[in-house]
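Biologist: Could you take one part of this model, look at it closely, and then follow the packing and the charged pairs through the rest of the chain?

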Amino acid sequence: AERLYRQSLELREELGDRRGMASSWGVLGDIENVRGNWDAAERLYRQSLELREELGDRRGMASSWGVLGDIENVRGNWDAAERLYRQSLELREELGDRRGMASSWGVLGDIENVRGNWDAAERLYRQSLELREELGDRSSASEVTCDMGTNELQRGNFEEAEIWFTKALKQLEALGKLDYIAECNFRLAQLWQRRNNSERAQRHYAIAHKIYTELGAKKDLERIEREFISDTDP
């Protein structure tokens with residue numbers, strides 16, 4: 001994929017196709033992002049952003065700020081990520097990009113969740129969920145439903161968390177979203193572990209572990225193994 005995109009980029013540069021160049025840098029950034037090469041991805045995204053700004057491509061600018069926010073999020077730079085996401089959100093609101101707005105509210109909710117600001121996270125998740133439901137985006141709505149459950153779990157509202165997780169799991173299974181089915185089952189495992197019901201906890205953990213194994217999701221496997229052991233430690 002990278003070879004083909006670079007061939008395309010080279011030709012676009014020869015043709016003076018600046019919009020195409022910005023697009024090529026963006027997808028090359030996506031490749032480095034997937035590889036976990038954050039510095040290389042950032043450089044490419046910023047090249048794309050700079051050219052999009054020169055071209056007045058506001059939709060492309062909003063997208064670039066969003067992916068740059070994702071990189072800072074992965075790095076754990078919450079403040080930097082929030083600034084970028086809010087820049088993206090502001091422009092998406094001006095453009096009337098409702099799908100982009102829903103996405104921005106979701107990732108901003110993730111940041112507040114990581115910070116332990118449960119109420120702020122809930123408000124943002126609800127905004128995201130309501131808009132996704134209005135748009136008929138069942139796939140993304142099911143993910144945010146699971147996130148709502150996680151938020152309630154983390155602040156100790158086990159009954160509310162179970163309601164959200166049960167609803168999310170039903171939606172996810174209907175859609176066949178294996179990665180989130182695994183994650184939702186893992187969160188239910190944590191929920192039952194904290195309720196001192198090790199049998200139910202182990203049942204959901206086994207489902208999550210099996211799916212992540214089948215998906216070859218090594219990092220997720222390592223994460224759930226580490227977190228589940230942490231929850232079971234006295």
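Modeller: In helix 2, the buried residues are Gly20, Met21, Ala22, Ser24, Trp25, Gly26, Leu28, Gly29, Ile31, Glu32 and Asn33, where buried means under 20% relative accessible area, exposed over 50% and partly exposed in between, with a 1.4 Å probe and protein chains only. This is a predicted model, in which local features need pLDDT of at least 70, side-chain atom pairs count only at pLDDT 80 or more, and totals for chains, interfaces and linings use all residues. Residues are numbered from 1 along each chain as its sequence is written, and side-chain values use heavy atoms, with hydrogens and water left out.

The cover over the buried residues of helix 2 includes helix 1 (2–15), helix 3 (38–55) and helix 4 (58–75); contact here means heavy atoms within 4.5 Å, and helices are DSSP runs (H or I, at least four residues) numbered from the N terminus. Helix 2 has 18 residues (18–35), which at 1.5 Å a residue should span 26 Å, and its end C-alpha atoms are 26 Å apart, in agreement; the expected span is 1.5 Å times one less than the number of residues. Just after helix 2, Gly36 adopts a positive phi of about 85°.

Another salt bridge joins Glu122 and Arg155 at 2.3 Å, N to O. This pair links distant parts of the chain, since Glu122 is in helix 7 (residues 118–135) and Arg155 in the loop between helix 8 and helix 9, 33 residues apart. Glu122 is buried, with a relative accessible area of 16%, whereas Arg155, at 21%, is partly exposed.

A further salt bridge, between Arg187 and Glu227, has an N to O distance of 3.9 Å. Arg187 lies in helix 10 and Glu227 in helix 12, so the pair ties together parts 40 residues apart in sequence. Arg187 is buried at 14% relative accessible area, while Glu227 counts as partly exposed at 24%.

Note on methods. Helix = DSSP H or I, 4+ residues; strand = E, 2+ residues; numbered from the N terminus. Salt bridge = Lys/Arg side-chain N within 4 Å of Asp/Glu carboxyl O.
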